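Please open the model in your viewer and keep the selection tool at hand.

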Amino acid sequence: MQAHVVLAHPETRSFNGLLADTTRSTLAAAGWDVTTTDLQASDFDPRESADHYADRADPDRFHAQTEQRHHADRGTTPPEVAAEVDRLLAADLLVVHFPLWWFGMPAILKGWMDRVFVYGQVYTSTKRYDAGVCSGRRMLTCVTTGASADSCAHDGREGDTRMLLWPVLFPFRYVGFEVLMPEVLHGIGGVDFLEGDVDGTSVVDRYADHWADQLTRLDDRPTVPFNRDADFGDDKRLVAGAQVHSPFVAHEPQLPWAADAHT
Ligand SMILES: Cc1cc2nc3c(=O)[nH]c(=O)nc-3n(C[C@H](O)[C@H](O)[C@H](O)COP(=O)(O)O)c2cc1C
């Protein structure tokens, strides 16, 4: 069993860095072969751009998907991306660690996705969703927020974190992953917090123990439900009667201020 761990954080001794260590050691102890990419430490360039490609399909005008497919077909994908695609496609389980930054993922993780989900290799118009290249593989995110659980609740001041995570998780579904229910840890913050303890047990150890326990029970973890391909008609819209799993894909408009945008 092969697992790949991706860490998106500028500090290895951060809460996220420490949890990524826990992931590696826990999975290894359970018999997994584990690869890791620390995006910041490896100086991963999150900017998809012409600079990464020599001998372009179109030297005059850079079009990302055209160049991604062109270079994937020729085996000339930029080496740091090709190595990451190899790890991704070798993995039965992908674990992604990141802090919530401005209500989404850090830019370096978004850039990892922009570059590593290579058009023509990791997805095509016929290999996506149910037929995705990563079908049969599982992915799990562990996300931290500085804000409290109450602030991140469905009626909280910062908006529902689970809603914010839908657009983060959906690309993984798009390329075929079975997306496990994310682990969201709230109220994480600062060096003082990291160095704190409760009843003689360090805060970090308490979270690490909790997280390690989650990792040993992956088979019991529910998946995030997404609509299957058969739920959509030829017009790519939800068919009548199809089950609704989120406000992002629903029979009725969910935003009162945009209710007539697609009628
Ligand atoms: C640029 C930046 C943006 C942030 N945006 C959010 C946010 O939108 N919501 C939130 O709850 N916390 C936010 N935070 C706080 C981080 O989520 C929090 O510090 C982190 O989860 C703690 O984990 P760490 O010790 O691994 O960094 C932000 C922090 C930074 C540096």
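Start by selecting Leu100 together with Val143, Thr144, Thr145 and Thr161, the residues that Leu100 touches once those up to four places away in sequence are set aside. Two residues are in contact here if their C-beta atoms, placed from the backbone, lie within 7 Å. This is a predicted model, in which local features need pLDDT of at least 70 and side-chain atom pairs count only at pLDDT 80 or more, while totals for chains, interfaces and linings use all residues. Residues are numbered from 1 along each chain as its sequence is written.

Stay on Leu100 for a moment: it is found in the loop between β3 (93–99) and α4 (107–116). Helices (H or I, at least four residues) and strands (E, at least two) are DSSP runs, numbered from the N terminus. Is Leu100 buried or exposed? Leu100 counts as buried because it has 22 C-beta neighbours inside 10 Å; the cut-offs are 20 or more other C-beta atoms within 10 Å for buried, 12 or fewer for exposed, and partly exposed in between, with C-beta atoms placed from the backbone.

Next, select Asn16, in helix α1. Asn16 has 23 C-beta neighbours inside 10 Å and so counts as buried. Leaving out residues up to four places away in sequence, Asn16 touches Leu7, His9, His97, Phe98, Pro99 and Thr144. Draw a line from the C-alpha atom of Asn16 to that of Ile188: they are 172 residues apart along the chain and separated by 9.6 Å.

Now show helix α1 (residues 15–29) with helix α7 (residues 203–215). Two packed helices are described by the angle between their axes and the distance between the axes. For α1 and α7 the angle is about 40 degrees and the axes are 9 Å apart. Axes are lines fitted to C-alpha atoms, for helices over the stretch in contact, and angles run from 0 to 180 degrees between N-to-C directions. The two helices are therefore oblique to each other; angles under 35 degrees count as roughly parallel, over 145 as roughly antiparallel, 65 to 115 as roughly perpendicular and the rest as oblique.

To see the contact itself, pick Phe15, Leu18, Leu19, Thr22, Thr23, Thr26 and Leu27 on α1, then Val204, Tyr207, Ala208, Trp211, Ala212 and Leu215 on α7. Coloured by type, these residues divide into 10 nonpolar, three polar and no charged. Ala, Val, Leu, Ile, Met, Phe, Trp, Tyr, Cys and Pro count as nonpolar, Asp, Glu, Lys and Arg as charged, and the others, Gly among them, as polar.

Two backbone stops follow. Asp43, in the loop between β2 (33–38) and α2 (64–74), has a positive phi near 60 degrees without being a glycine. With 9 C-beta neighbours inside 10 Å, Asp43 counts as exposed. Lys236, in the segment after α7, is not a glycine either, and its phi is positive at about 70 degrees. Lys236 has 6 C-beta neighbours inside 10 Å and therefore counts as exposed.

Finally, zoom out to the whole chain. Its secondary structure comes to seven helices and eight strands, and buried residues make up 30% of the 263 residues.
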